[in-house]
Amino acid sequence: MNKKIVFLQLFLLVIAQSLFSQTADQPSFGSKHHAVKPGMKLVWAEEFSKNGKPDPANWTFEKGFVRNEELQWYLETNAKCKKGVLVIEGKREHIPNPNYRKDSKGWKTNREFVDYTSASINTRGLHEWLYGRFEIRARIDTTMGSWPAIWTLGTTQPWPSNGEIDIMEFYRVGGLSTILANVAWGTEKRNVAKWHTERIPFSKFRKSDPKWNKKFHIWRMDWTPEFIKLYLDDELLNTTLLSETVNPDGTNPFTKPQYLLLNLAIGGNGGDPVKAKYPIKYEVDYVRVYQSVK
């Protein structure tokens, strides 16, 4: 064979591999092929393929100070889709709190200024699911003050009787960086949850891969009528049996549909964010939901 032709073929092969290979520290650019799951069908996917604001047909925004006395003020402008990835940015800012009231004792209204902003998006009122496999490919910022999460909530009762599943949380536990996988439901006490929590020291992941926090990873939930199993890169972190998740009134929140939330909180459990490098970035490559073929 002509040497020039052989050289050209090798050159084209190298270019093709460069274009179509996907490494762990990059988003999955291109067609984002959906992997086939035996016995399952893809029922919903968000690939964040259109630049700009997240698709309003799929997502709504939380706004302002929302929960847990966290420091961030949620803004729509802190969540944007860029090159096939949702980027939520936590920023250090100093702007007036429009809800400030002098002498107020409420944590949402007694702060005269907003010092941090971020974003929280969810599918409430647009998409919800009962059972299935949920896969989310994301890269989290592990700097001090960062508290990213992938989670679901029900709508039939007040929290926590509506049920909460934390597919992923990252924050400080006893001052140590920690990956958490949690399931919560109701108790006899108002606003007090029964938790099944698994806390894995972040050092475990860094020990096996010093560049872990620079890469994208896949968080997964397998939710059936019998159990909820939470995984990170195919490693099982938490198994919760639905026979155990019964509220005091006899209802089970995990036999009813839930919606999905993606958010980046600042401060609170995330730790003191004063010395963090800004913006803090939480990147989500895709969200995919599969259900069993009947």
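This is a predicted model: local features need pLDDT of at least 70, side-chain atom pairs count only at pLDDT 80 or more; totals for chains, interfaces and linings use all residues.

Visitor: What is the phi of Asp103?

Guide: Its phi is positive, about 70 degrees, although Asp103 is not a glycine. Asp103 is also exposed, with a relative accessible area of 69%.

Visitor: Which other residue has a positive phi without being glycine?

Guide: Phe48, with phi near 55 degrees. Phe48 lies in the loop between β1 and β2. Its setting is buried, at a relative accessible area of 2%.

Visitor: Back to the loop between β5 and β6. Is Asn97, in that loop, buried or exposed?

Guide: Asn97 is buried, with a relative accessible area of 5%. Leave aside neighbours within four places in sequence, and Asn97 is in contact with Phe65, Trp73, Lys108, Thr109, Arg111, Glu112, Phe113 and Val114. Take Trp73: Asn97 and Trp73 are 24 residues apart in sequence, and their C-alpha atoms are 8.8 Å apart.

Visitor: Let us step back. How many helices and strands does the protein have?

Guide: Two helices and 17 strands. Of the 294 residues, 48% are buried. Now look at contacts between residues at least 6 apart in sequence: 69% of them join residues at least 24 apart.

Visitor: How do I read a core?

Guide: Begin with the general idea. In soluble globular proteins, nonpolar side chains tend to be buried together. Here, the largest nonpolar core has 49 residues. β17 gives the largest share of this core, five residues.

Visitor: Which residues have the most contacts inside that core?

Guide: Leu262 and Tyr282. Beyond four places in sequence, Leu262 touches a list of residues that includes Phe48, Trp59, Leu86, Ile88 and Tyr282.

Visitor: Next, charges. What should I look for?

Guide: Side chains of opposite charge can pair when their charged atoms come close. A search of the whole structure finds 13 salt bridges.

Visitor: Where do Lys53 and Glu76 lie?

Guide: Lys53 lies in the loop between β1 (40-46) and β2 (60-61), and Glu76 in the loop between β3 (72-74) and β4 (79-82). Their side chains meet in a salt bridge, 3.1 Å from N to O. The pair therefore ties together parts that are 23 residues apart in sequence. Glu76 is partly exposed, with a relative accessible area of 27%.

Visitor: Which residue pairs with Arg137?

Guide: Asp285 does, with the closest N and O atoms 2.8 Å apart. Arg137 is in strand β8 (residues 132-139) and Asp285 in strand β17 (residues 280-292), so the pair links parts of the chain 148 residues apart. Both residues are buried.

Visitor: What does Arg139 do?

Guide: Arg139 forms a salt bridge with Glu283, the closest N and O atoms being 2.9 Å apart. This pair also runs from strand β8 to strand β17, across 144 residues. Arg139 and Glu283 are buried.

Visitor: Which residues are linked in a network of salt bridges?

Guide: Arg133, Arg220, Asp222 and Asp234.

Visitor: How many lining residues fall in each class?

Guide: Nine are nonpolar, six polar and six charged.

Visitor: One last feature. Where are the peptide bonds cis?

Guide: Pro160 is in the loop between β9 and β10. Another runs from Tyr278 to Pro279, with omega near 0 degrees. Pro279 lies in the loop between β16 and β17.

Conventions
Residues are numbered from 1 along each chain as its sequence is written. Side-chain values use heavy atoms; hydrogens and water are left out. A salt bridge is a side-chain nitrogen of Lys or Arg within 4 Å of a carboxyl oxygen of Asp or Glu. Helices (H or I, at least four residues) and strands (E, at least two) are DSSP runs, numbered from the N terminus. Buried means under 20% relative accessible area, exposed over 50%, partly exposed in between (1.4 Å probe, protein chains only). A nonpolar core is a set of buried Ala, Val, Leu, Ile, Met, Phe, Trp, Tyr and Cys residues joined through side-chain atoms within 4.5 Å. Contact means heavy atoms within 4.5 Å. Ala, Val, Leu, Ile, Met, Phe, Trp, Tyr, Cys and Pro count as nonpolar, Asp, Glu, Lys and Arg as charged, and the others, Gly among them, as polar.
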